[in-house]
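Good morning, and thank you for joining. I should like to go through one model with you this morning. Please keep the sequence and the structure in view as I speak.

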Amino acid sequence: AAAALCPCRLLFARCGGALRPLCGSVRGLAAGQDTHFGFQTVTEAERREKIYQVFENVAKKYDVMNDSMSLGIHRVWKDILMHKMNPSPGTLLLDVAGGTGDIAFRFLNYVRSVRERQLQQKLKHHQSLSWQEISESYKEDKSESPGDSQVVVCDINKEMLKVGKQKAQHLGYSKGLSWVLGNAEELPFDDDMFDVYTIAFGIRNVTRIDLALQEAYRVLKPGGRFLCLEFSHVSNPVLSRLYDLYSFQVIPVLGEVIAGDWKSYQYLVESIRRFPPQEEFKAMIEDAGFLKVDYQNLNFGIVAIHSGFKL
Amino acid sequence: GRARVSLSEPHGWDRGSEEEEEEREGCFQLYPGHIPTSPLQKALLAAGSAFMALADPYRHDMVAVLGETTGCLALPNLRDKMKHHPEGYRILQERPRIRLSTLDLARLQGLPDGSLGREYVRFLEDNKVSPDTRMPPKFVDDEELAYVIQRYREVHDLMHTLLGMPTNMLGEVVVKWFEAIQTGLPMCVLGAAFGPVRLSARKLQVLATELLPWAIRSGRNASCILNFYYEQRWEQPVQSLREEIGIFPPP
């Protein structure tokens, strides 16, 4: 029955390895170039669809799974990212593929605590002022803009955004936070808008990474910073083997037991292996126009933070 | 082998990607929905699913996974029992499936009271269950054994009917004891042993004094429940089928 629906597919299924590229290019005309989905070869259109389904399936258990798989360490990685960013109050952040809001909430906490510390210091300073100076400072305060920090969370997947919004409500975040449905390869924002662009554990799932990097460049203000937190490559051979063992033997099992979904987590570990290593990704970021591109390995390269500036 | 028995829809993906999955797993994927696993993965799955099944009783998929990962001794046993029995052998050849799409519910409802078909439909309606909610097997590494466990799952509701047990916790425990003796599947044994933990004292008493002794005696006395071609016996009265199998009348 399936054959009748798509004769091209049947041809593909019967193709030996040698004929694959030919069949691939026939399909390519209709659905984009061949690309990868984990260790499978698919067309670009299929990849986008499959990845959408993966995140639709895992959205509700996303946070639980992250904690289980990384034994809570993902929280530390995200904290380190935030410290590296070191945002000051008044920063406008775009968090792409930010689905369930982990980066956004950390950002709001960070700028809030910075603001509080600033106010405390100001208060301390005021203790030593004269009455005249204090009354003058009231006039200053009024003309000073509040400089509220803002974060826009952009994600392509409705389910992930839904979970994020629910979390925000539950945790009490509302001010300075907005949620936008959008595609990293084609962002629904004007040029030169944001101070910082982050993408945490998301760029691996983008089909055309080069387009996403170009978009990141476009929407950042001059002087803006690009920050990417992503799984990367472990060069140490012993650790690499242990990491592989853990990834391929344990993680899909966790996916099945906790989320009832083996395949999505199989995809996850495969997609990590498919993502370019640190130096190659650095070169891609430079190609998009960023300067002073650098990266920092965390946990021996299991995770890396890449940073670049639009100058 | 690569026999493509259409046991089930691949979970989550559309039909088109079946071929891609085969491409990926080469000759390892033995049937649609099959996920090949290493011994380590099976061990982890068995432990994880046992824990999760106890922790969250709504995770029926975990019970299914536990059955698949621990059935490596019991399933070949069952398959051999079927092979050596004429009716069982026919079932293995013809691979019937109990599904809403293959059952003619209207016809079954029209059968006289007391017949297997009529009582089965009554059971489905009373307990608001459907035969289509059975999980397709994923972790069984033999395509024939995958069918055997699928058949066992689909016959489970018929067991309820033949034993006259509802789908509440007590009824399920009784059926599990019966199945544990019949099949020897570790999942049934674990379910039978741990199921009663969630029962009230009064129910435990009924279980221990009346239901269990009967279930155990019937389980021992009955011939293999997988050796009956139920789809060809809808008209047979439940009483007569019970006698034929060797199940004693319920208390």
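Let me begin with a term: a residue is called buried under 20% relative accessible area, exposed over 50%, and partly exposed in between, with a 1.4 Å probe and protein chains only. By that rule Cys228(A), at 0% relative accessibility, counts as buried.

Next, the conventions. This is a predicted model, in which local features need pLDDT of at least 70 and side-chain atom pairs count only at pLDDT 80 or more, while totals for chains, interfaces and linings use all residues. Residues are numbered from 1 along each chain as its sequence is written, chains are lettered from A and ligands numbered from 1 in the order in which they are written, and side-chain values use heavy atoms, with hydrogens and water left out.

On confidence, the model scores ipTM 0.78 and pTM 0.77. The pLDDT is the predictor's confidence in each residue, from 0 to 100. For chain B its mean is 83, and 89% of the residues of chain B reach 70 or more. Over residues 1-27 of chain B, however, the pLDDT is below 50. Beyond near neighbours in sequence, that stretch has 62 contacts in the model, a contact meaning heavy atoms within 4.5 Å. Where pLDDT is low, the predicted coordinates should not be read in detail.

I turn to the sheet of chain A. Helices (H or I, at least four residues) and strands (E, at least two) are DSSP runs, numbered from the N terminus; two strands pair if DSSP finds at least two bridges between them. In what order do the seven strands of the open sheet in chain A lie? The order is E5-E4-E3-E6-E7-E9-E8, with mixed pairing. At the edges are strand E5 (177-181) and strand E8 (291-298) of chain A, each of which pairs on one side only. From one strand to the next, the twist averages 15°.

Consider strand E4 of chain A, residues 150-155. Five of its six residues are buried, so E4(A) is largely enclosed by the rest of the structure. E4(A) pairs in the parallel sense with E3(A) over five bridges, and within E4(A) the bridge partner of Val96(A) is Cys154(A). Five bridges also join E4(A) to E5(A), again running parallel; there, Val151(A) stands opposite Leu177(A) in E5(A).

Elsewhere in the sheet, strand E6 (residues 194-200) and strand E7 (residues 220-231) of chain A pair in the parallel sense over six bridges. Ile199(A) stands opposite Cys228(A) in E7(A). Helix H10 (residues 209-219) of chain A packs on the sheet, touching strand E3 (92-96), E6 and E7 of chain A. The direction of H10(A) makes about 145° with that of E7(A); axes are lines fitted to C-alpha atoms, for helices over the stretch in contact, and angles run from 0 to 180 degrees between N-to-C directions. Helix H13 (residues 278-287) of chain A also packs on the sheet, touching E7, E8 and strand E9 (303-309) of chain A, and its direction makes about 155° with that of E8(A).

Now the cysteines. Cys188(B) is buried, with a relative accessible area of 0%.

Chain B has twelve helices and zero strands. Of its 251 residues, buried residues make up 53%. Among contacts in chain B between residues at least 6 apart in sequence, 70% join residues at least 24 apart.

Finally, one helix from chain B. In H12(B), residues 238-245, the residues Val238(B), Leu241(B), Arg242(B) and Ile245(B) are buried. They lie on the same side of H12(B), because they cover an arc of only 105° around the axis, the arc being that of the directions from the helix axis to the C-beta atoms. Their cover includes helix H7 (116-127), helix H8 (143-163) and helix H11 (201-221) of chain B. Just after H12(B), Gly246(B) takes a positive phi of about 110°.
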